[in-house]
Amino acid sequence: MASHRRPKQPSRTRVTVLTATAAAAVALSSQAAHAAPSPSKKDVKSEVDKLYNEAEQATEKYNGVKEQQNKLQKEVDDLQDKVARGQGELNQLRKGLGAIASGQYRSGSIDPSVQLFLSGDPDTYLEKAATLDQLSGKQAEQLKTIADKQRQLAQERTEAASKIQDLSETRKSLGDKKDEIKGKLAKAQELLNTLTAKERAAMQAADDRANRSNDRVNLGDDVPASQRGAAALSAAQSKIGSPYVWGATGPSSFDCSGLTSWAYAQAGQSLPRTSQEQANAGSRIYSESGLKPGDLVLFYGDLHHIGLYAGNGTVLHAPKPGAAVRYESINNMPFQFGVRV
């Protein structure tokens with residue numbers, strides 16, 4: 001027979017011990033959470049700089065895709081205009097062919113022998129008959145022209161459809177790159193927000209000092225390699241203090257390749273949009289000592305950053321988000337080579 005006795009209740013001493021143990025565990029857990037060291041200002045700055053660098057890499061890819069989109073859009077527009085003009089020409093050819101066929105039908109409704117019998121002038125009839133033969137030849141020629149035009153239009157429509165598909169895929173890629181850049185910049189801002197107000201102020205003060213150093217920089221007396229290079233450097237110098245904005249090509253804000261392409265445009269020289277493409281815009285100079293003012297300077301292994309050599313081991317560039325166009329030592333970044341446009 002089953003027992004119906006009440007279960008034994010824990011003693012007061014046991015409850016007290018359990019409660020104390022649980023409280024101690026909570027306290028230790030809380031202490032451990034509070035003891036987790038927050039990142040130092042140095043660590044945050046290092047991570048933020050890394051994110052800014054990655055954002056600039058993505059920016060140069062974005063710039064390349066953007067240029068590809070612009071090119072595809074122009075090709076699509078040109079093809080669509082060409083198709084529209086071709087359709088208009090085809091409609092006119094069909095209209096002309098219809099008029100010829102109608103005229104021949106009306107003329108052919110009377111037997112030629114009767115026409116000859118009714119004609120008071122056999123020579124006039126023979127002349128008209130020759131004209132009808134010519135019209136038949138013209139009709140055949142127009143039929144061939146129409147068939148050729150139809151084939152050409154079909155090819156152009158197929159090509160336009162393919163370009164439109166490429167354009168659609170490029171736009172998606174562009175959106176993905178844009179999201180990637182925004183994500184990295186947002187992450188950098190989150191990290192900056194973990195700093196105290198005093199630490200953020202100190203970082204901003206350091207950046208402000210770097211911007212103000214433009215007034216004290218010693219560019220030496222290096223002579224530009226060309227008038228074009230000198231003009232490009234002068235144009236870039238007129239934009240010192242302009243903010244870095246990813247994807248911007250001036251005239252009020254720039255990213256790194258946006259500044260160099262804008263500067264050379266003012267000197268009458270067109271450059272490709274991205275730093276990687278600009279790396280092929282002239283002869284390469286692999287020695288820092290061989291650089292002249294106005295030369296392009298490429299940094300990092302994937303060439304995602306570019307500036308203008310200003311002289312005396314100094315580059316003028318659009319550095320990163322949150323910074324302005326300014327001079328910096330060429331040694332602040334991993335130099336790859338220069339390019340003399």
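In strand β6 of this predicted model, Gly 338 is the bridge partner of Val 297. Strands β2 and β6 run antiparallel and are joined by 4 bridges; two strands are taken to pair if DSSP finds at least two bridges between them. Helices (H or I, at least four residues) and strands (E, at least two) are DSSP runs, numbered from the N terminus. Residues are numbered from 1 along each chain as its sequence is written. The model being predicted, local features need pLDDT of at least 70 and side-chain atom pairs count only at pLDDT 80 or more, while totals for chains, interfaces and linings use all residues; side-chain values use heavy atoms, with hydrogens and water left out.

The open sheet consists of 6 strands in the order β1-β6-β2-β3-β4-β5, with antiparallel pairing. Its edges are formed by β1 and β5 (326-329), each of which pairs on one side only. On average, neighbouring strands of the sheet are turned by 40° against each other, direction ignored. Helix α6 packs on this sheet and touches β3, β4 and β5, its direction making about 105° with that of β3. Axes are lines fitted to C-alpha atoms, for helices over the stretch in contact, and angles run from 0 to 180 degrees between N-to-C directions.

Within α6 (residues 227-237), Gly 229, Ala 232, Leu 233, Ala 235 and Ala 236 are buried; buried means under 20% relative accessible area, exposed over 50%, and partly exposed in between (1.4 Å probe, protein chains only). These residues lie on the same side of α6 because they cover an arc of only 160° around the axis, the arc being that of the directions from the helix axis to the C-beta atoms. Their cover includes α7 (256-266), β3 (305-311) and β4 (314-317), where contact means heavy atoms within 4.5 Å.

The structure also holds 3 aromatic pairs. Rings of Phe, Tyr and Trp (its six-membered ring) pair if their centres lie within 6.5 Å; planes under 30 degrees apart count as stacked, over 60 as edge-to-face and the rest as tilted. Phe 254 and Trp 262 form an edge-to-face pair, with 5.5 Å centre to centre and 65° between the planes. Phe 254 is buried at a relative accessible area of 0%, and Trp 262 counts as buried at 16%. The pair of Tyr 286 and Phe 337 is tilted, because the ring planes stand at 55°, with the centres 5.5 Å apart. This pair links distant parts of the chain, 51 residues apart: Tyr 286 lies in the loop between β1 (283-285) and β2 (296-299), and Phe 337 in strand β6 (residues 335-340). Tyr 286 is exposed at 56% relative accessibility, whereas Phe 337 is buried at 6%.
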